[in-house]
Amino acid sequence: MSKIFKFHNDVDTDQIIASQYLLLPSVEDMKGYTFESLDGEFARNVKAGDIIVAGENFGCGSSREQAPSVLKALGVKAVVAKSFARIFYRNAINIGLPVLVSRDFYDVAKAGDEAKLDLSEGTIEADGVTYTCTKLPPYMQNILNQGGLIASLNKGEV
Amino acid sequence: MEQFKGKVWLLGDDIDTDIIIPTEYLALPSVEDMKKYAFSPLREELAGQIEKGDIIVAGKNFGCGSSREQAPEIIKQLGVRCVIAKSFARIFFRNAINNGLLLIENKELSDDVAEGDVITVTIGEKIHAGGKDYPITPLPENLMDILNAGGLVKAMQARNGV
Amino acid sequence: MGMTIGEKIIARAAGVSSVKPGEIHTIDVDYLMSNDGTTHLTIDMFYNQLKNPRIADKDKLVFIIDHNIPAENPKTAAAHKKMREFAKKYDIAFYEGKGVCHQIMLEDFVEPGQFIMGADSHTCSYGAVGAFGTGIGCTDFLYAMVTGKSWVLVPETIRFNLTGKLREGVYPRDLILTIIGDIGANGCNYKIMEFAGEGAHGLSVNDRFVLCNLAVEAGAKTGIVEPDEKVVEFMKEHGRSYEHLYASDADASFLQVYDYDLSKIEPVVAEPHFVDNVKPLSEVGEVKIDEAFLGSCNNGRIDELRVAAAILKGRKVHPDVRFLITPASNSVYLQALEEGLVDIFLEAGAMMMNPNCSVCWGSCQGVIGEGEVLISTGTRNFKGRAGHKDSKVYLASAATVAASAVAGKIVGVERL
Amino acid sequence: MGHTLIEKIVMKNTGDVSVSPGEIKTVKVDRVMIHDIFIPFVVDKFREMGFQKVWDQDKVVLIYDHLVPTSAVEDVRHFKIGDAFVKEQGLTHFHRADGICHQLMPEMGYAKPGNIVFGTDSHTTTYGCVGCFSSGIGYTEMAAVLGTGEMWIRVPETIKVVINGKLPEGVYAKDIILRLIGDLRADGATYKVLEFSGSTVDEMSVSSRMTISNMAIEAGAKAALFAPDEKTCAYSGVKMEDVDWLYADEDAEYCQVMEYKAEELVPVLACPSQVDNIHDVAELAGTKLDQVFIGSCTNGRLEDLAVAAKILKGKKVAPFVKLIVTPASRSIYQEAVKAGYIGILAEAGAIVTHPGCGLCCGRACGILTDGERVLATNNRNFLGRMGTSKVEIFLGSPATAAASAVAGVIAME
């Protein structure tokens, strides 16, 4: 089971990880500042396997890959949103952070509740109701299945 | 005369104010926030090791450099009872007295003691270390007045009737 | 079936005769640009995560230090050092402190018809000269750096037909903010914003850059203005090729078509904390400011500096206001010196900053404190973007920013 | 018995017919300078001491320079406190972003010949360039001065430094003061005043004298004084007859006299990590550099930018080396723009920043990291001053800096 952390529409990359932390040496150094301006306790409270649920346009703004990377580093299992901003979406898949689109789940999801996420089926279940998320195009699903873009690149190397 | 004992932390010549507290940390909200960075360019662990009542013994020109008063304040906040050096830089000396931090000038002690030694100071009279006495030259009267008032703030408060 | 400009550029980059929205293609990238916001991470991955670290074509790479320059702490300096040493080792084109990456790309690299990826979201700017620029993360960057290739999902195109001319005192910045306000911050998510029509052709390359640069603030993958004689002129001036000038075919398909009459646009302000939170300047109430910023890849070129100088000449910056003026590049700065603009700014009491991303990026020069208000020509006004999380950023044109810096509150030039 | 410059300034101030070293005197302060780093502390102590109003609004100067531009959100707190104090006390001498305090004090006429001025910064010794007794104090002391207008001082001994002759090509005021600090050592002038005279000094511009007085603190000096001459009067906007009392008597008593022949001086550098660790540039030539900095209250003036421009004209800064130029004040920046120096520097690839303390105060504008080496024209090369403790800082003249920027290694003009 995954605990739900819920955010609103248009969560931008500055909220996910603010620019003053981006030049820290590594993602490990940055992750403690995740969502600092929206929820100062988030980085401390989130546990491996938890999920983020958000509204429209999650991850809009800059191309900073640090945004999905800090979420992954904190152990976030997946982000389920009504829609994602383009670059965030692509970055998330590239680093192997599952991002799922569900138009309906946001309205029923309650912060702090538990949900059951099935990544292979692309479904999420809460309060006994199962919601099916939009499927990734096979090309992207393939990248995700291999564990991200770098893993897929290394696979072809000898 | 008041007497106290303390453990020695031994530092070299020309310990400048950027070593005592680097500029990077000067805009932190309080001296309390800054003190953990004391001496960090030279000995990163030192601030954490100093205990209340310890004594810093150093070479010549201690506190040279900038006028940042955080330097003596931080040393005081770390619990240092007094600083004994071959000589002190001018602004640091003044700032230390204004903050009620005791400074003792002595040309020989730093060459004779080792870090971790325990020494005894009799204020205005002598330092006793390793079986030997080192005399202390008394401060000018106007400085003793400030020190005795507990620093310049207290002296001014008395003047302003606060 | 005809193609749009963006589709034609993708087809060329993919080496195929035609592409359709929804298809995924492997493409050759013409340039890969990365700045100090993420390059240190890319380099770490290059050394630590690749089985076979290598560079496909070093001539396609451009590294630019522009975000935190000069460095404000040792960690930043270490990130820069890593980048500098890598560039040296692999003989990569390297710029440090010469200006904002997108401006440098425009001045020295981009050609019409190219497909360019940059590890910065505002890479979408290059459509100003009819190229396809798009922002990517560092993993994508690394993949392309190693293989010379990337994949692209062909986006749909939304067309903006522009007619008429902007009125005096109204700027392309007002136009693009108005459009984003109308269509919303994800109004063009995953899409191409294509600008065409006589209104678009009336705009200078500089003005087109302003439009394309903010395309990402509507979620777009890129923004492209139909290239024309002005682009040819620009390329001739810079001694670069203009072989691939694409226009959309008559039977190209657009997801949507918007019409904008430029003469109807009025000065606007994007209020905190979102770029699509746009209001006419005339409806913004009394807002006192602490800091003003003129600069960024969106609005730090000579055109904007001229607009501000005309307003500041003979006037003084309000005593309570810090006014930072940051040219977008060293060549813009040199031009401003030559035209006497730098002197006007200094005389007025503004701060004349070195070319960089400055407070638009909000982690280095000119960051604002708790409760402070900034009016800016930067790209974004997200919460905390310019410093403290409880500060506010308003976006407006160079004219409005300069006027506000003088007044100490948000006003238009006419109210000075 | 005759008197030194410092003794005469103290006598003029207190009305004593004679003073001698070692005496404790209370002086009336002519001006004070507080900068942004310490304003919150000064205000705190001022209130804690029970003061309401500063003793004389006209005598207080508040200058923001260390935190300009801001580089961290907390910096703004200092401005807020300063702004409020300016309004509350009705202060009019206030500079938000006009340059470094020590440049502005003499430049704006806040510190004049014969004055006694204190500032919350060690390089307050700078104003001795115009014959002003100026010295740095802490913020507690400053709070007391703000309330009382008075300050006790111990009349210091004076070291007389005589420099005669014509400086060789490529040798500048910076080389003189570095050599002197090397000879005196970092504490050689502690509690003392350095008094400069001789034909070399007479020939010098006020700006060059400023370079020397600025760094006197690096030998521990309380002040550094030059007797005013026509150049001083022109610079400070005073009449010669108003300052003709300010000269050192023939029979004044000095604790030490140092003499230099200008012809024998060479370009030098202060090497890591002490200002008195002086070596000839020739000895160090070829040492690889990562960065060069021209600026600060020591060497960010028009003549410094002019020398740099002369050397950099038509040349480029070496690849992978950064040259950062920070003019010392707004008016210097403007003059340098008009004279074409800035254009030349920017053309050569320099990064020209807005006037302020910049890199010298270690808060922004070019901080370095482990293993990097910088040659800078400022006044301190202490461990960790410009980044980590593994940064090597060399201090030299603007000419050496500019020539080294082109070469990418330590080089002579």
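What follows is a conversation about this predicted model, taken up topic by topic.

Trainee: In chain B, in which element is confidence lowest?

Mentor: The chain as a whole averages a pLDDT of 92, and 99% of the residues of chain B score at least 70. Within chain B, confidence is highest in strand β2 (residues 55-58), at 97. At the other end, with a mean of 86, stands helix α7 (residues 141-149) of chain B.

Trainee: How many residues does the contact take from chain B, and how many from chain D?

Mentor: On the side of chain B that touches chain D, the elements that each supply at least two residues are α1 (17-20), α5 (90-98) and α8 (152-160) of chain B. Sorted by class, that side of chain B has 15 nonpolar, 12 polar and eight charged residues. The contact takes 35 residues from chain B and, from chain D, 41 residues.

Trainee: Among the residues of the contact of α13(D) with α16(D), how many are charged?

Mentor: From α13(D) come D304(D), V307(D), A308(D), I311(D) and L312(D), and they meet P398(D), A399(D), A401(D), A402(D), A403(D) and V406(D) of α16(D). Divided by class, the residues of this contact include 10 nonpolar and no polar ones, and the number charged is one.

Trainee: Into which domains is chain C divided, and what distance separates their centres?

Mentor: Chain C is divided into domain 1, covering 5-262, and domain 2, covering 268-415. Taken over C-alpha atoms, the centres of domain 1 and domain 2 of chain C are separated by 24 Å.

Trainee: Which element gives the most to the side of domain 1 of chain C that touches domain 2 of chain C?

Mentor: In this contact, 30 residues of domain 1 of chain C meet 31 residues of domain 2 of chain C. The elements giving two or more residues to the domain 1 side are α4 (101-108), α6 (172-183) and α8 (205-213) of chain C. By class, the domain 1 side has nine nonpolar, 14 polar and seven charged residues. The element that gives the most to that side, with six residues, is α6(C).

Note on methods. Residues numbered from 1 in each chain as written. Chains lettered and ligands numbered in written order. Predicted model: local features only at pLDDT ≥ 70, side-chain atom pairs only at ≥ 80, totals over all residues. Contact = placed C-beta atoms within 7 Å. Helix = DSSP H or I, 4+ residues; strand = E, 2+ residues; numbered from the N terminus. Nonpolar A, V, L, I, M, F, W, Y, C, P; charged D, E, K, R; others polar. pLDDT = per-residue confidence, 0-100. Domains from an automatic or database assignment.
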